[in-house]
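Subject: Structure for you to look at

Hi,

Here is the structure I promised to pass on.

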Number of protein chains: 2
Amino acid sequence: MGSPTVYDVAERVGVSIATVSRVYRSPDSVRAETRERVLSAARELGYVPSASARGLASRVTGVLGLCFPDFAEPAAGDAADPQGAELSLYGDEVIRGMERAARRRGYGLLISAAPADRAGESMAEMAGRVDGLALLAQQWPAAELDVVARRLPLVVLAGQRHPGLDRIEVANFDGQLSLTRHLLSDHGFDRLAFLGGPEDSPDAEARFRGFQAALLERGLDLPERPDTRGDLTVAAGRKAVAELLDRGGPRPQGLVCANDQMAAGALQALAEVSIRVPGEMAVTGFDGIPLGGAVSPSLTTVRQPMGRLGEEAVEMLLARLADRDLPVGSRTLPTVLVRRMSCGCSA
Amino acid sequence: MGSPTVYDVAERVGVSIATVSRVYRSPDSVRAETRERVLSAARELGYVPSASARGLASRVTGVLGLCFPDFAEPAAGDAADPQGAELSLYGDEVIRGMERAARRRGYGLLISAAPADRAGESMAEMAGRVDGLALLAQQWPAAELDVVARRLPLVVLAGQRHPGLDRIEVANFDGQLSLTRHLLSDHGFDRLAFLGGPEDSPDAEARFRGFQAALLERGLDLPERPDTRGDLTVAAGRKAVAELLDRGGPRPQGLVCANDQMAAGALQALAEVSIRVPGEMAVTGFDGIPLGGAVSPSLTTVRQPMGRLGEEAVEMLLARLADRDLPVGSRTLPTVLVRRMSCGCSA
DNA sequence: CGCGGGTTTGTAAGCGCATACATGACCCTG
DNA sequence: CAGGGTCATGTATGCGCTTACAAACCCGCG
């Protein structure tokens with residue numbers, strides 16, 4: 001009553017199980033007529049090869065894995081809040097890019113969000129199922145990391161630096177540097193505020209350093225830390241602006257935000273207190289999510305090639321799979337400055 | 001030189017492989033001290049249980065699958081166009097919802113986009129790897145469907161009806177019905193145009209029928225088909241508006257669009273020819289993607305619980321996994337009318 | 001007619017784990 | 001102190017497939 005196996009098909013056709021197996025693994029090595037008979041018997045019986053058995057016998061699973069941070073689980077009430085969806089934009093593109101590249105290379109993709117407090121277990125659980133694993137922007141416990149890395153190729157995407165592990169990141173520093181330069185040079189601003197992310201976000205911190213570097217280059221006063229911080233959500237952006245305005249003092253000419261969502265929040269908050277953007281204050285984001293093109297005014301930002309991040313992850317994993325002795329690699333993907341309206345560019 | 005196995009761990013600790021296996025599968029059946037010794041040996045050796053072997057021995061993989069349509073692959077130039085990302089919004093929420101529910105129930109999630117012309121193969125390939133499979137909004141070849149359905153639980157999400165298969169859909173008809181009622185009753189419109197999707201999209205067609213029903217209810221003239229059709233992209237929305245305006249004739253008071261993206265396109269096109277929304281013409285969408293809240297004017301729409309769709313899929317698959325003889329089920333998830341500015345509601 | 005060389009198929013040995021069953025240690029009861 | 005019950009562990013088998021190796025077959029040619 002179980003599912004049919006190679007044995008059933010082989011018996012039906014009157015060949016050995018090896019022949020059946022070969023029909024699937026190396027069709028050319030089987031005579032065309034035999035192949036057809038096997039395939040048609042398989043169809044009649046409803047035979048589907050078991051990936052578990054194949055994996056066990058051949059020692060590869062044909063699946064790659066992606067672990068990403070578990071963006072705060074939206075409370076059950078899903079109809080009401082787009083909050084969950086909003087936060088996810090970043091990761092979704094990586095997932096899609098990785099899926100696309102994996103499929104093109106003949107691999108499947110297993111995904112798993114990892115709650116911060118169970119990151120290790122999540123990772124270990126995937127490790128047994130895949131041939132290679134990509135870890136996205138999160139803190140991964142070093143102990144598990146070591147164990148898993150010994151077993152299969154690992155690549156860290158846009159997260160912390162781990163000695164000995166392959167790594168792909170995005171040019172956060174460069175991107176923010178060039179965006180800030182644009183504000184300083186092309187628009188002539190000299191009083192900018194930075195709405196930062198959490199201190200433990202390496203990406204957000206790198207962007208802040210890019211911001212600092214641009215000020216440094218112009219010989220302007222160097223802020224030691226972001227003017228305010230938030231958790232990278234739209235709500236945080238709104239709050240940050242309120243805070244900044246409450247604080248009084250000279251109003252900045254521009255708000256440089258650690259990501260697009262905070263920038264979108266900032267736009268909303270400014271609209272509510274009738275501060276015109278970009279007329280009275282410029283606003284910029286970072287990431288290049290679709291949202292940025294839709295808000296009004298459209299958001300000047302730095303586009304991160306998130307899809308590419310996923311694709312490169314696949315390439316890197318497969319390269320290491322092909323040669324475990326490859327030197328540890330590290331790639332930095334370039335970003336693109338997207339000038340839209342919120343900085344005062346365009347009409 | 002291969003990865004360590006139960007044998008290595010067992011030997012190291014001086015127990016049998018059965019004990020090692022039990023430490024992972026049913027920890028309580030092993031004496032606490034033995035368990036600790038096994039776990040620490042496993043850590044030292046870098047042992048990670050092989051899911052393939054486990055799957056083969058226990059006949060379950062602990063993984064669920066999701067096949068979704070392959071939204072037109074964005075050309076390599078990824079830095080420039082958000083088009084790919086835009087189209088994907090719909091599926092991403094399903095992926096996340098399904099991943100979340102699967103993880104909660106102790107399952108992994110394997111995903112695969114299926115190009116329309118390779119849907120069957122895609123599906124078959126997944127079938128060997130998972131315990132249950134969800135198929136999202138696409139046409140799946142009946143032959144493969146039969147074969148696969150015989151082997152494992154299958155659930156069709158928001159797609160065509162397949163006799164004998166579990167199914168979950170969204171209340172497209174009801175949603176569009178109530179949105180259209182809102183336009184007719186609350187805003188007093190009586191000349192509405194419908195921007196439809198492709199004829200082979202069951203969802204888009206169901207929405208159109210909901211639209212018709214509302215007109216019918218009011219005794220208005222019943223259009224036989226959408227005033228124009230498009231492929232559900234922003235670009236298609238723009239084109240549809242241009243077409244409609246070119247056509248001349250009395251201008252409709254409102255544009256009812258088959259989805260949010262076309263509605264967003266319509267908004268852009270109307271802005272370009274300086275037709276005020278909602279002043280001169282109302283516009284509505286369908287889906288409830290985050291984009292809709294960000295465009296200006298914000299989009300009145302019908303929110304689909306896409307995350308729920310994914311979660312329900314998991315529940316349905318697990319239910320059938322627990323009892324293969326369950327009667328074939330079909331759920332319809334309710335939608336929510338979201339009144340925003342583009343219809344004339346709100347300030 | 002036999003033989004070398006290529007092609008197609010069969011034989012058989014695992015792959016790493018789960019688990020039914022057997023074993024043994026230990027405790028309790030009478 | 002024998003008998004029965006529990007708990008912890010060991011033994012042994014098989015899950016469904018891949019693959020090295022061996023065998024069978026076919027062809028043409030000397």
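Let me start at one pair of residues: A:I111 stands opposite B:L109 in β2(B). Likewise, A:L109 faces B:I111 in β2(B). Before going on, note that this is a predicted model, where local features need pLDDT of at least 70, side-chain atom pairs count only at pLDDT 80 or more, and totals for chains, interfaces and linings use all residues. Residues are numbered from 1 along each chain as its sequence is written, while chains are lettered from A and ligands numbered from 1 in the order in which they are written.

Those residues belong to strand β2 (residues 108–114) of chain A and strand β2 (residues 108–114) of chain B, which pair in the antiparallel sense over three bridges. Strands here are DSSP runs of E, at least two residues, and helices are runs of H or I, at least four, numbered from the N terminus; two strands pair if DSSP finds at least two bridges between them.

The whole sheet is open and has twelve strands with mixed pairing, in the order β11(A)-β5(A)-β4(A)-β3(A)-β1(A)-β2(A)-β2(B)-β1(B)-β3(B)-β4(B)-β5(B)-β11(B). At its edges are β11 (330–333) of chain A and β11 (330–333) of chain B, each pairing on one side only. From one strand to the next, the twist averages 20° (axes are lines fitted to C-alpha atoms, for helices over the stretch in contact, and angles run from 0 to 180 degrees between N-to-C directions).

How are the two copies related? A rotation of 180° with 0.0 Å of shift along its axis superposes chain B on chain A, RMSD 0.1 Å (least squares on the C-alpha atoms of residues with pLDDT of at least 70 in both). That is the relation of a two-fold axis.

The contact takes 53 residues from chain B and 54 residues from chain A, counting residues whose C-beta atoms, placed from the backbone, lie within 7 Å. On the chain B side, α5(B) gives the most, with ten residues. Of the interface residues of chain B, 100% are also interface residues in chain A, so the copies meet through the same surface.

Finally, the DNA: 27 residues surround DNA strand D, and the closest are A:T5, A:V6, A:S21, A:A53 and A:A57 (near means a C-beta atom, placed from the backbone, within 6 Å). α2(A) gives the most to that surface, with six residues.

Cheers

Definitions and conventions
Contact = placed C-beta atoms within 7 Å.
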